[in-house]
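Please open the structure in a viewer and keep the selection tool at hand.

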Amino acid sequence: MHDQAESLRRHMQKKNNLRYAKTLSVISGKGGVGKSNVALNFCLQLINHDKKVLLFDLDFGMGNVDILLGLHANKTIVDMFNEKLSACEVIERGPGGLDYIAGGSGLNSIFKADSNVMDYFFKQYDQLIDMYDYIIFDMGAGATEESIRFILASDECIVVTTPEPTSITDAYGMIKFILTRRPSMTIHAVMNRSRSVKSGYDALMRFKKVVFQFLNADIQPMGILPEDKNVPEAVIRQTPFILYNDASPVTEAMK
Ligand SMILES: Nc1ncnc2c1ncn2[C@@H]1O[C@H](COP(=O)(O)OP(=O)(O)O)[C@@H](O)[C@H]1O
Ligand SMILES: [Mg+2]
């Protein structure tokens with residue numbers, strides 16, 4: 001499967017005179033650290049910078065991008081596989097010009113049952129990379145043998161963690177899992193729910209140091225997002241936080 005991801009990347013590099021998407025997997029070790037909110041609002045912010053963006057809900061456990069958007073998807077990724085639809089047929093339109101593919105339950109059993117499913121995915125993915133500037137995979141927490149294939153098919157990863165030691169330890173484990181399979185993977189880190197810029201920055205730097213020391217890898221600090229009550233409020237309103245409050249601390253940080 002690693003070879004498949006490699007060959008896809010080579011194939012994409014050959015097309016370098018065409019537009020093709022940069023793909024990023026938003027990952028974490030621990031659940032509930034803010035991946036989906038980061039992925040969604042990061043996408044909307046890229047759109048504000050005139051990028052064409054697709055958000056792909058690939059949480060094998062419980063996809064919830066459409067819940068965060070307050071929308072009901074007509075088709076999901078599960079339908080794409082079950083009904084052999086093209087990726088274009090399952091793209092839904094969200095707010096602010098966002099295109100997304102909704103997650104669905106039962107993804108894991110599709111992958112366990114059918115060994116050709118990844119080939120089908122790569123065919124669809126190949127079409128999508130010509131259509132967008134960025135494709136963002138919103139992954140579930142941790143990784144299974146199934147979900148790691150998608151992570152390895154992306155160009156780079158964004159690991160989301162909070163300053164809590166449990167979240168940091170799990171993020172470290174996740175990075176190790178990925179680097180064992182692809183040592184050259186570029187990994188960015190977001191420190192979410194920080195109490196202050198200083199404490200978030202310190203936690204990010206400590207994390208970077210530990211990864212460098214024990215995994216010999218250089219993670220790229222991407223940013224610090226504050227603990228902000230606007231996030232749960234926006235989730236309850238089923239509105240992305242940058243659309244919910246344009247001037248909140250978390251929106252300012254995301255920008
Ligand atoms: N920066 C933040 N400030 C306050 N609460 C947050 C923040 N980020 C996430 N949360 C809370 O954590 C919950 C889980 O976020 P979510 O993006 O669904 O996590 P994940 O996708 O990692 O499971 C949100 O519903 C929200 O209540
Ligand atoms: Mg999520």
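Begin with helix α9 and select Lys198, Met205, Arg206, Lys209, Phe212 and Gln213: these exposed residues lie on the face of α9 that is turned away from its buried side. Helices (H or I, at least four residues) and strands (E, at least two) are DSSP runs, numbered from the N terminus.

The model is predicted: local features need pLDDT of at least 70, side-chain atom pairs count only at pLDDT 80 or more, and totals for chains, interfaces and linings use all residues. Residues are numbered from 1 along each chain as its sequence is written, while chains are lettered from A and ligands numbered from 1 in the order in which they are written.

**The other side of α9**

Now select Gly200, Ala203, Leu204, Phe207 and Val211, the buried residues of α9. Viewed down the axis of α9, they fall within an arc of 100° (taken from the directions from the helix axis to the C-beta atoms), so they line one face of the helix. Their packing partners are β6, α8, β7 and β8, where contact means that two C-beta atoms, placed from the backbone, lie within 7 Å. Just after α9, select Asn216, which takes a positive phi of about 55°.

**Helix α8**

Move to α8, residues 165-181. Its 17 residues should span 24 Å at 1.5 Å a residue, and the end C-alpha atoms are 25 Å apart, which agrees; the expected span is 1.5 Å times one less than the number of residues. Select Ser167, Ile168, Asp170, Ala171, Met174, Ile175 and Ile178, which are buried. Down the axis of α8, the buried residues fall within an arc of 165°, so they line one face of the helix. They pack against β1 (22-28), α7 (147-153), β6 (156-161), β7 (186-194) and α9 (197-215). On the face turned away, select the exposed Pro165, Thr166 and Thr180.

**The sheet**

Next, display the strands. They include an open sheet of eight, in the order β3-β4-β2-β5-β1-β6-β7-β8, with mixed pairing. At its edges stand β3 (92-93) and β8 (220-226), each with a single partner strand, so one side of each is left without a neighbour in the sheet. Two strands pair if DSSP finds at least two bridges between them.

Select β1, in which six of the seven residues are buried. β1 pairs with β5 (residues 134-141) in the parallel sense over six bridges; Lys22 has Tyr134 as its bridge partner in β5, and Thr23 stands opposite Ile135. β1 also runs parallel to β6, joined by four bridges, with Val26 partnered by Ile158.

Which residue of β5 is the bridge partner of Leu54? Select Ile135 to find it. β2 and β5 pair in the parallel sense over six bridges, and seven of the eight residues of β5 are buried. Three bridges join β2 (residues 53-58) to the parallel β4 (residues 99-101), where Leu55 has Tyr100 as its partner.

**Ligand 1**

Finally, select ligand 1 and the 17 residues around it, of which Gly34, Lys35, Ser36, Asn37 and Pro232 come nearest. A residue is near a molecule if its C-beta atom, placed from the backbone, lies within 6 Å of it. α2 (35-48), β7 and α10 (230-236) each supply at least two residues of this shell.

Technical notes: Buried ≥ 20, exposed ≤ 12 C-beta atoms within 10 Å, placed from the backbone.
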